[in-house]
Amino acid sequence: KPRLYQTECFNKYKDDDVIINLPTGSGKTLIACLAINHELEVQKTKKVIVICPTVMVVLQQKKVFQKECGDNKVSIKVMELYGDKVQTETSQKKKYDNDLNDTIWETHKPEFDQSSVIVSTPELIR
């Protein structure tokens, strides 16, 4: 159950664009889950993209979103994307460029199409 300040942050998010700056361990992920659930209730076919600074945070957030997002009847599919994973899966190239980004989305299109939430490191969302 969200704390009062988390509910207040979420309500501000619903009304306007916001940046939520809270200390580590204060519940930003729960606020994100509330926002994701809200967006997917408003439009079920919508995609939510969450950008995380590191692979470890991508993996952590994916696990939380899979558990906490969606409603009791329907779970949502969460896709993870990060450099090392897609580089081995899609190409032998050593650096990222537009061609590789196109290849990433082509290779992962079925998973992307089935996912409601995409959790990624920044280099893959350009």
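The ground rules come first. Residues are numbered from 1 along each chain as its sequence is written, and side-chain values use heavy atoms, with hydrogens and water left out. Since the model is predicted, local features need pLDDT of at least 70 and side-chain atom pairs count only at pLDDT 80 or more, while totals for chains, interfaces and linings use all residues.

The chain has six helices and three strands, taken as DSSP runs numbered from the N terminus (helices are H or I with at least four residues, strands are E with at least two). Read along the sequence, they come in the order α-α-β-α-β-α-α-α-β. Of the 126 residues, 34% count as buried, where buried means under 20% relative accessible area, exposed means over 50%, and partly exposed is in between (1.4 Å probe, protein chains only). Among contacts between residues at least 6 apart in sequence, 63% join residues at least 24 apart; a contact here means heavy atoms within 4.5 Å.

Helix H1 (residues 4-15) has 12 residues and reaches 17 Å from its first C-alpha to its last, close to the 16 Å expected at 1.5 Å a residue. That expected span is 1.5 Å times one less than the number of residues in the helix. The buried residues of H1 are Gln6, Cys9 and Phe10. They cover an arc of only 95 degrees around the axis, which puts them on the same side of H1; the arc is that of the directions from the helix axis to the C-beta atoms. On the other side of H1, Leu4, Lys12 and Asp15 are exposed. The cover over the buried residues of H1 includes H2.

Helix H2 is next. Buried in H2 are Ile31, Cys33, Ala35, Ile36, Asn37, Glu39 and Leu40, and the buried residues of H2 pack against H1, E1, H3 and E3. Glu39, in helix H2, counts as buried at 19% relative accessibility. Leaving aside neighbours within four places in sequence, Glu39 is in contact with Tyr13, Lys46 and Val48.

Helix H3 agrees with expectation too: 14 residues at 1.5 Å a residue should span 20 Å, and the end C-alpha atoms are 20 Å apart. The buried residues of H3 are Val58, Gln61, Lys62 and Phe65. They cover an arc of only 110 degrees around the axis, so they sit on the same side of H3. Met56, Lys63 and Lys67 are exposed on the other side of H3. The buried residues of H3 pack against H2, E1, strand E2 (78-81) and strand E3 (117-120). After H3 comes Gly70, with a positive phi near 90 degrees.

Cys52, in the loop between E1 and H3, counts as buried at 4% relative accessibility. Cys52 and Ser120 are 68 residues apart in sequence, yet 6.0 Å apart in space, C-alpha to C-alpha. Beyond neighbours within four places in sequence, Cys52 is in contact with Val57, Val58, Gln61, Val119, Ser120, Thr121 and Pro122. Ile118, found in strand E3, is buried with a relative accessible area of 0%. The C-alpha atoms of Ile118 and Val48 are separated by 6.2 Å, though the two residues are 70 residues apart along the chain. Not counting residues up to four places away in sequence, Ile118 touches Lys47, Val48, Ile49, Val50, Met79, Leu81 and Phe112.

Finally, the largest pocket has a volume of about 600 Å³. Of the 25 residues that line the largest pocket, the closest to its centre are Lys28, Thr29, Ala32, Val50 and Gln61. Helix H2 (28-42), strand E1 (48-51) and helix H3 (55-68) are the elements that give two or more residues to the lining, and H2 gives the most, with seven residues. The lining divides into 15 nonpolar, seven polar and three charged residues (nonpolar: Ala, Val, Leu, Ile, Met, Phe, Trp, Tyr, Cys and Pro; charged: Asp, Glu, Lys and Arg; polar: the others, Gly among them). A pocket is an open set of points, on a 1 Å grid over the protein atoms alone, where a 1.4 Å probe fits, with protein on both sides within 12 Å along at least five of seven lines; lining residues have an atom within 4 Å of a point. Grid points are joined across faces, edges and corners, and the volume is the space filled by probe spheres set on the points.
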